[in-house]
Amino acid sequence: KLGVPIKLELSVRTTFAFRRLQLFKAALRNILSSSKRWFQILRAASRYPKTAFEMKSADCIIVSMFHNLPTNQPDGRLGDVYFGQLNELISAMGQQVVLCGHILGDPDQILKSIGKLNKPNITFGHLLNWTDIFFAGFSTIISFVKLLAGYPWSCSDRRVAKLVFSDLLNASGDILSSLLIEKAMTKLLRKIPTEKVLLMYENHPWEVAVIQATKKIAESTRIVGYTHCAILKSHLKHLTAKDEKDGRPTPHQIITTGATARDVYQSITDISPNRVLAGSNLSGPQLTEDTLRNSPPKKVKTILALFQGLPEMVGFVHFLAAAKEFVPNTRVVIRPHPIQFGLEKLIRESGIDIAQGALLEPCLHSKLSDSLSEADVVIYKGSTAAMYAIYNGIPVIYFDDDWLISDDPLIETHALKVSVDCPSEITQAIKEIENITIADYKNQHQSARMYVENYLAEPTSETTQAFLK
C-alpha cells in the first residue's frame with residue numbers, strides 16, 4: 001500500500017531533477033553565447049579608442065544604448081537614438097558631458113557611427129578586459145546554480161512551468177551582462193567622476209547595474225532615469241517586488257516623455273510622486289502638423305500593423321493572417337519594431353510568410369512618417385507608434401487579446417480608436433471607421449492630438465528643464 005506514494009514521489013523528484021539539468025544546459029549555452037558576444041565587443045572597442053578617457057571629470061554622464069546609426073535630427077546634426085541632442089544642450093550650458101553606451105548590434109558598425117558624434121563618447125566595451133569576462137562568466141554560472149537549487153519546483157501546471165523556465169533562462173544572460181556593466185560603470189566613474197548620471201530607465205537588469213555601481217562608487221552623484229517610450233500596464237518590469245525594494249536600487253529622479261506619461265507611470269508604480277517629473281520626447285520622431293488629415297477614410301484599402309519588439313508579437317502575426325481572410329481586398333502591411341524582434345524573426349517564429357504579394361506584406365519604409373502616409377487605418381499591439389497615427393488623424397484598431405493586463409499605450413483615450421479581440425471583428429471595425437461623420441471625426445481628432453501632445457511633449461526650453469537641473 002505504501003509502494004504507490006513512494007513511486008510517485010520518486011517520479012516527481014526525478015522530473016524536477018531532469019528539469020534542473022535541462023535548464024542548466026540551456027543556460028550554459030546562453031552564458032557562453034553572451035560571453036562570446038562580449039568578446040566581440042571588446043575586440044571592436046580595441047580598434048576604436050575613445051577620447052573620453054582624456055577627461056578628468058564630467059558634469060554629466062549620459063548612459064544610453066547604441067544599436068544602430070545615430071538619429072538624424074531635423075537640422076541635420078547627429079544625435080543619440082534615445083536622448084536626441086541632449087548632450088549638445090548640456091554642453092551649451094558650459095558643462096562637460098560624456099555619452100556612454102551599451103552596444104546592441106554589430107559592434108564595428110556602431111562604433112564607426114558613434115565616432116561621428118561631436119561630443120566625448122565611450123562604450124562599456126572600452127572599459128572592460130578579457131579577465132573581466134572570464135570572472136563574470138564564472139560568477140554567473142555559480143549564481144545560476146544557486147538560483148536553480150533555491151527555486152521551488154513543485155509546480156505541476158505546465159503553463160506556469162514554461163514561464164518559469166523561460167524566466168530563469170533569460171536570467172542567465174541578464175546576470176552576465178549586468179555583472180559586466182556594473183564593472184564597466186565602476187571603472188568609468190573612477191576614471192571620470194561626475195555630478196550626475198542620466199540613463200534610460202525601464203527597470204531592466206542592466207540599468208539597475210548602472211545605478212548600483214553609481215551608488216557604490218559615487219554616493220553623492222545624482223542619478224536620473226528617463227522612460228523614453230510609452231508606459232504600459234502590462235510591462236511589469238516597472239514594478240519591484242516588496243521583498244526587493246530595500247535591495248534593488250532606483251534613480252533619485254525619474255523623467256517621463258510628458259505629463260500624461262508621468263500620470264500613467266505614477267498609477268502603476270508606488271514610487272513617490274515628487275520623484276517623477278514630466279519631461280519631453282527626446283528620441284522622436286517629433287510631432288508635426290504637416291501630415292495631419294482632415295477626414296476619415298471613405299474606403300479602407302491599406303491597413304498598417306505596428307508591432308512591439310517582443311516575442312509575444314508572434315501571436316499578433318497569426319491574428320493578422322486570420323483577419324486577412326475577412327478583408328480579402330485590403331492590403332495588410334507589417335511594420336515590425338525597428339530594433340528588436342525584426343521581420344526575419346517574426347517570419348521564422350510565426351511560420352507565416354511576409355513578402356510582397358503574400359497574404360501579409362512587409363513595410364518598405366524605414367521612416368515611420370512614410371509608413372503612416374500610405375495607411376488608411378493602423379492596427380497595433382502595444383506600440384508607441386500608434387500615438388503618431390491618431391495624432392495625424394489616422395484611425396486605429398487595437399488588438400485586445402487575452403492578456404491579463406492591458407498593453408495598450410492609448411488606454412487613457414478612446415479617440416479614433418476601435419478595439420477587436422478576434423479576427424472576424426475586423427470587418428465591423430472597418431465599417432465603423434468608414435462610417436464616422438466628419439464632425440465626430442474632427443472632435444475625436446482634436447482629443448487625440450491633445451492626448452498625444454501631453455504624452456510625447458515636444459522638446460522645448462521649458463520641457464527639457466527637467467533634464468538640465
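Leaving aside residues up to four places away in sequence, Met200 touches Val63, Ser64, Met65, Tyr82, Phe83, Trp206, Glu207, Tyr226 and His228, where contact means heavy atoms within 4.5 Å. The model is a predicted one, in which local features need pLDDT of at least 70 and side-chain atom pairs count only at pLDDT 80 or more, while totals for chains, interfaces and linings use all residues. Residues are numbered from 1 along each chain as its sequence is written, and side-chain values use heavy atoms, with hydrogens and water left out.

Met200 belongs to strand 6 (residues 194-200). Helices (H or I, at least four residues) and strands (E, at least two) are DSSP runs, numbered from the N terminus. With a relative accessible area of 1%, Met200 is buried; buried means under 20% relative accessible area, exposed over 50%, and partly exposed in between (1.4 Å probe, protein chains only). His228, one of the residues that Met200 touches, is 28 residues away along the chain, and the two C-alpha atoms are separated by 6.7 Å.

Two strands pair if DSSP finds at least two bridges between them. Strand 1 and strand 6 run parallel and are joined by 5 bridges, with Cys60 having Lys196 in strand 6 as its bridge partner.

On to strand 4. Strand 1 (residues 58-66) pairs with strand 4 in the parallel sense over 7 bridges, and Ile61 has Val98 in strand 4 as its bridge partner. Strand 4 is also joined to strand 5 (residues 121-123) by 3 bridges, and the two run parallel; here Gly101 stands opposite Thr123 in strand 5. Because 7 of the 7 residues of strand 4 (residues 97-103) are buried, this strand is largely enclosed by the rest of the structure. Both of its faces are covered, with Val97, Leu99, Gly101 and Ile103 buried on one side and Val98, Cys100 and His102 buried on the other.

Next come the helices. Axes are lines fitted to C-alpha atoms, for helices over the stretch in contact, and angles run from 0 to 180 degrees between N-to-C directions.

The axes of helix 7 (residues 259-268) and helix 13 (residues 438-455) cross at roughly 75 degrees and come within 5 Å. Helix 7 is therefore roughly perpendicular to helix 13, a term for angles of 65 to 115 degrees, with under 35 counting as roughly parallel, over 145 as roughly antiparallel and the rest as oblique. Ala259, Thr260, Ala261 and Val264 in helix 7 meet Tyr451, Asn454 and Tyr455 in helix 13.

Helix 8 (residues 313-324) is mostly covered, with 9 of its 12 residues buried, including Phe316, Phe319, Leu320 and Lys324.

For the protein chain as a whole, there are 14 helices and 15 strands. Buried residues make up 49% of its 469 residues. Among contacts between residues at least 6 apart in sequence, 76% join residues at least 24 apart.
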